Amino acid sequence: MRRRCAWIAAMIPERLDVHLHDGTPVVARPLTPADRDYVADGYRLLSPEARYQRFWVRQGEIIGDAMLDRLLSGRLPEHAIWTVFDPTREGFPGLGAASFWRSENDPLEAEFSVTVMDADQGRGVATLLLSILWLVAFRCGIETLTGYTMPENSRALRWMRDTGAAGEWDGYNAVFRWTLGDLNAIPATPAGADLAGRLAELSPVML
Ligand SMILES: CC(C)(COP(=O)(O)OP(=O)(O)OC[C@H]1O[C@@H](n2cnc3c(N)ncnc32)[C@H](O)[C@@H]1OP(=O)(O)O)[C@@H](O)C(=O)NCCC(=O)NCCS
């Protein structure tokens, strides 16, 4: 599997130049172990609420070394992490990042997480990142991406549902699953149409 995915990884672009719907040119790329400062800056600049919703941590603006290792040291086919940034922006250029970890128990499934900087939410960044990781995961033979969200995170719940994830309650969190091979499950919501459009746009360069 690893050798096959090393070959697949070599086929996946290291940089995608795309536009947000408001016309802003942005770049998407995988994060690497050299991006520790970038990720630490992004973590610090998140609102406490967004930091809690993604990292489940209430206190502190400094990301720990263990979390940085976990985010940046993994490799395909077990792990992928991509960011979207605006190369023209002064200061911190990142708009958001998303990752997946393949399940140790079920190689057909991976856990998906995403965070978008507060001021950039509602611009289609999470949907763009989902489409990229969807295609990377699909190439690696993953069939399902699973997202875990706190029940009070209504924005994430709505976004997951509106992009076609099937939700259930596991007694503690909301669990949402996107079935990567079933494009018919993507609904005709604005976010669903956005996702379907991104998948159509990026499939020719990613698959
Ligand atoms: C949940 C979260 C990831 C969504 O990110 P986002 O970048 O705002 O998501 P998108 O912009 O792709 O889509 C969100 C909404 O904006 C809308 N939208 C996207 N682009 C738009 C545009 N150009 N104009 C108007 N609306 C737009 C989408 O239709 C969608 O609406 P809906 O949810 O009502 O269907 C973000 O709020 C976040 O990072 N929250 C904190 C961390 C978190 O909760 N992560 C999830 C758990 S892992």
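The model is predicted: local features need pLDDT of at least 70, side-chain atom pairs count only at pLDDT 80 or more, and totals for chains, interfaces and linings use all residues. Residues are numbered from 1 along each chain as its sequence is written, and side-chain values use heavy atoms, with hydrogens and water left out.

**The pocket**

Select Val-114, Ala-126, Arg-155, Ala-156 and Trp-159, which lie nearest the centre of the largest pocket. On a 1 Å grid over the protein atoms alone, a pocket is an open set of points with protein on both sides within 12 Å along at least five of seven lines, and lining residues have an atom within 4 Å of a point. The lining here has 39 residues, and the volume is about 920 Å³.

Next select α6 (154–162), which gives the largest share of this lining, 7 residues. Among the other elements that supply at least two residues each are α5 (125–139) and α7 (190–206). By type, the lining has 16 nonpolar, 13 polar and 10 charged residues.

**The cavity**

Now select Val-39, Phe-55, Gly-96, Ala-97 and Thr-115, nearest the centre of the largest cavity. A cavity is a set of grid points where a 1.4 Å probe fits but cannot get out. The structure holds 1 cavity of 30 Å³ or more; the largest cavity has a volume of about 270 Å³ and 23 lining residues.

Finish with β4 (94–102), the source of the largest share of the cavity lining, 6 residues. The cavity lining divides into 15 nonpolar, 7 polar and 1 charged.

Conventions
Grid points are joined across faces, edges and corners, and a volume is the space filled by probe spheres set on the points. Helices (H or I, at least four residues) and strands (E, at least two) are DSSP runs, numbered from the N terminus. Ala, Val, Leu, Ile, Met, Phe, Trp, Tyr, Cys and Pro count as nonpolar, Asp, Glu, Lys and Arg as charged, and the others, Gly among them, as polar.
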